[in-house]
Amino acid sequence: MSKTASPKQIALINRTFQAIQASIEALPEGDPGVTAVEALVASQQSTLVKVLGNEDIDVREASVLIDVLFAAQKVVPPTEIRWAKEGDPWPLKGPA
């Protein structure tokens, strides 16, 4: 019998997928990065649907999905908030 993915793995999948979606939304329509990411994510669509639907998944399925999501995340630019040096303090610059 297979072992079920841990809550930490599921949380990592959800956070990573949300970050990827935010990055894709920041890219212009038709960007090759979007196409590449969509292809990567589609390769694991059935597992991702299970995770998003709060269904149990196998540890191996979770590991493969995490690897694919990390690969996809490298294709698109990050959208996290960055700091920029402007004068003495480090003011918040906003999304990249």
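In the predicted model, helices H2 and H4 are roughly antiparallel to each other, because their axes cross at roughly 180°, and angles over 145 degrees fall in that class. The two axes come within 9 Å. On the H2 side, the contact is made by Gly 33, Ala 36, Val 37, Leu 40 and Val 41. H4 contributes Val 68, Leu 69, Ala 71, Ala 72 and Val 75. By residue class, the contact of H2 with H4 comprises nine nonpolar residues, one polar residue and no charged residue.

The largest nonpolar core holds 17 residues. Those that touch the most other members are Ile 13, Val 37, Val 41, Leu 48, Ile 57, Leu 65 and Leu 69. Two or more core residues come from each of helix H1 (7-26), helix H2 (32-42), helix H3 (45-52) and helix H4 (59-75). The largest share is that of H4, which supplies five residues. Val 37, Val 41 and Leu 69, listed among the core residues that touch the most other members, also take part in the contact of H2 with H4.

Ile 57 is another of the core residues that touch the most other members. With neighbours within four places in sequence left aside, the contacts of Ile 57 include Lys 3, Thr 4 and Ala 5, together with Ile 10 and Ile 13. Further contacts of Ile 57 are made with Thr 47, Lys 50, Val 51 and Ala 62.

One salt bridge is found in a search of the whole structure. This salt bridge joins the side chains of Lys 50 and Glu 61, with an N to O distance of 3.3 Å. Lys 50 belongs to helix H3 and Glu 61 to helix H4, so the pair ties together parts that are eleven residues apart in sequence. Both partners are partly exposed, Lys 50 with a relative accessible area of 28% and Glu 61 at 25% relative accessibility.

Phe 70 is located in helix H4. Its relative accessibility is 36%, so Phe 70 counts as partly exposed; the buried class requires a value under 20%. Apart from neighbours within four places in sequence, Phe 70 is in contact with Leu 12 and Thr 16. The C-alpha atoms of Phe 70 and Ile 13 are 9.3 Å apart in space, while the two residues are 57 residues apart in sequence. Ile 13 is itself one of the core residues that touch the most other members.

Technical notes
Residues are numbered from 1 along each chain as its sequence is written. This is a predicted model: local features need pLDDT of at least 70, side-chain atom pairs count only at pLDDT 80 or more; totals for chains, interfaces and linings use all residues. Side-chain values use heavy atoms; hydrogens and water are left out. A nonpolar core is a set of buried Ala, Val, Leu, Ile, Met, Phe, Trp, Tyr and Cys residues joined through side-chain atoms within 4.5 Å. Buried means under 20% relative accessible area, exposed over 50%, partly exposed in between (1.4 Å probe, protein chains only). Helices (H or I, at least four residues) and strands (E, at least two) are DSSP runs, numbered from the N terminus. Contact means heavy atoms within 4.5 Å. A salt bridge is a side-chain nitrogen of Lys or Arg within 4 Å of a carboxyl oxygen of Asp or Glu. Axes are lines fitted to C-alpha atoms, for helices over the stretch in contact, and angles run from 0 to 180 degrees between N-to-C directions. Angles under 35 degrees count as roughly parallel, over 145 as roughly antiparallel, 65 to 115 as roughly perpendicular and the rest as oblique. Ala, Val, Leu, Ile, Met, Phe, Trp, Tyr, Cys and Pro count as nonpolar, Asp, Glu, Lys and Arg as charged, and the others, Gly among them, as polar.
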